[in-house]
Amino acid sequence: MPQPRVLSGMRPTGQLHLGNYQGALQNWVGLQQSHECFFCVVDWHALTTDYQDPSAIVGNIREVVLDWLAAGIDPERSTVFVQSDVPAHAELFLLLGMITPTPWLQRNPTFKEMQENLTDRDLSNYGFLGYPVLQAADILVYRADTVPVGVDQLPHLELSREIARRFNHFYGEVFPEPAALLTGAPKLPGLDGRKMSKSYNNAIYLADGEEIMRQKMARAVTDTRRQRRSDPGEPDDCPVFDLHRVFSTAETQVEMAAGCRSAGIGCFDCKARLCDHMWEALGPIYERRMEMARHPGRVAEILAAGAEHARQEANLTMERVRAAMQLAR
Ligand code: SF4
């Protein structure tokens with residue numbers, strides 16, 4: 001029996017950080033065991049918000065793919081490709097745009113939220129309003145059975161499902177409705193205690209070496225009760241301890257929590273133990289990334305092979321779409 005097909009994508013925003021790894025990438029690596037995976041760098045999506053300055057996009061594609069491969073995405077097993085290498089995404093985006101009512105897009109909560117938050121740019125462009133249609137095209141062009149999403153992304157997937165239903169209603173059954181594969185990864189705090197994010201400049205990157213990681217952790221905020229070494233603290237109120245929960249053994253967590261509450265250990269020692277555990281997880285990824293980066297042609301080869309396979313699958317879908325819409329000549 002064929003494995004269910006999964007599609008997931010990331011924007012080429014540059015090097016990936018621990019939050020990206022924990023939130024999505026680690027899950028993708030696991031999915032390769034049970035699913036036929038299509039992993040796509042969605043460079044056209046980057047243009048919906050960064051159209052005024054697209055200069056970083058091409059370089060960022062390489063950084064993202066290096067991180068994917070280093071983390072364990074296996075191009076022998078999964079299809080790894082760039083969205084703009086598969087023109088069918090654009091054709092299906094155009095055709096789905098014909099049937100998608102604009103109120104569906106205007107009510108998208110992310111649309112208003114991002115327009116309000118990203119005040120450094122003009123997001124009144126048509127491409128930004130229509131990005132959920134492009135997202136639907138990305139998924140439907142591979143007839144994906146399922147899409148890994150966090151709870152906050154469920155409305156987006158629902159929109160893709162609604163678009164698929166509307167297409168099937170007008171023209172006959174072409175698209176399976178993609179089901180949500182809920183991922184429950186905890187949100188990682190960054191060095192300043194807010195959510196880890198490139199835009200907050202509070203992130204540890206997969207490409208950071210051990211020394212940089214330790215230097216960054218040294219300035220990470222801790223429980224404010226611990227002004228002096230002798231002040232007891234509360235690990236439940238400490239972002240550093242949230243990272244212990246993800247990376248450290250249960251034994252270390254018990255030891256550090258007790259030491260924090262009794263002021264038996266200082267934050268310096270607590271962070272050092274955390275870094276030891278973090279590096280056990282991140283060291284092999286970092287080494288693989290360095291090795292891969294020494295062979296610049298390899299990423300290009302992987303993306304070319306991935307695009308070839310993705311184009312074949314997407315073209316099959318587009319033949320059915322054109323036939324269903326009576327566009328085939
Ligand atoms: S000892 Fe550890 S858990 Fe406690 S405040 Fe310091 S860094 Fe946080």
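**Ground rules.** I call a residue buried when its relative accessible area is under 20%, exposed when over 50%, and partly exposed in between, using a 1.4 Å probe and protein chains only. This is a predicted model, so I kept local features to pLDDT of at least 70 and side-chain atom pairs to pLDDT 80 or more, while totals for chains, interfaces and linings use all residues. Residues are numbered from 1 along each chain as its sequence is written, and side-chain values use heavy atoms, with hydrogens and water left out.

**Entry 1, Gly209.** I began in the loop between strand E5 (179–182) and H10, where Gly209 sits. Helices (H or I, at least four residues) and strands (E, at least two) are DSSP runs, numbered from the N terminus. With a relative accessibility of 11%, Gly209 counts as buried. Next I looked for its contacts, meaning heavy atoms within 4.5 Å. Setting aside neighbours within four places in sequence, I found Gly209 in contact with Trp279 and Tyr286. I also noted a C-alpha separation of 8.0 Å between Gly209 and Gly283, which are 74 residues apart along the chain.

How do the axes of H10 and H13 cross? I found that the axes of helix H10 (residues 210–218) and helix H13 (residues 267–293) come within 10 Å and cross at roughly 145°. These axes are lines fitted to C-alpha atoms, for helices over the stretch in contact, and the angles run from 0 to 180 degrees between N-to-C directions. On the H10 side, I listed Glu210, Met213, Arg214, Met217 and Ala218; they meet Lys271, Ala272, Leu274, Cys275, Asp276, Met278, Trp279 and Leu282 in H13. By class, this contact of H10 with H13 has nine nonpolar, no polar and four charged residues. For the classes, Ala, Val, Leu, Ile, Met, Phe, Trp, Tyr, Cys and Pro count as nonpolar, Asp, Glu, Lys and Arg as charged, and the others, Gly among them, as polar.

Which residues of helix H11 (residues 239–247) are buried? I wrote down Pro239, Val240, Phe241, Leu243, His244 and Phe247. The buried residues of H11 pack against helix H1 (18–31), H10, H12 and H13.

Leu16 lies in the loop between strand E1 (5–10) and H1. Its relative accessible area is 1%, so Leu16 is buried. Beyond neighbours within four places in sequence, Leu16 is in contact with Met10, Leu25, Val64, Asp67, Trp68, Tyr205 and Leu206.

I moved on to helix H14, the place of Ala310. Is Ala310 buried or exposed? At 0% relative accessibility, Ala310 counts as buried. Not counting residues up to four places away in sequence, Ala310 touches Phe38, Thr79, Phe81, Val86 and Tyr142. Ala310 and Val80 are 230 residues apart in sequence, yet 8.5 Å apart in space, C-alpha to C-alpha.

I found Glu162 in helix H9 (residues 154–171). This residue is buried, with a relative accessible area of 18%. Apart from neighbours within four places in sequence, Glu162 is in contact with Trp104 and Arg107.

Most residues other than glycine have a negative phi, which is what sent me looking for exceptions. Ala263 has a positive phi of about 60° although it is not a glycine. Ala263 lies in the loop between helix H12 (250–262) and H13, and counts as buried at 14% relative accessibility. Gln326 also turned up, with a positive phi near 60°. Gln326 is in the segment after helix H14 (296–324), and is exposed, with a relative accessible area of 72%.

I finished by zooming out: the protein chain has 14 helices and five strands. Buried residues make up 49% of its 329 residues. The C-alpha atoms of the chain fill a box of roughly 80 × 40 × 40 Å, taken along the principal axes. Among contacts between residues at least 6 apart in sequence, 78% join residues at least 24 apart.
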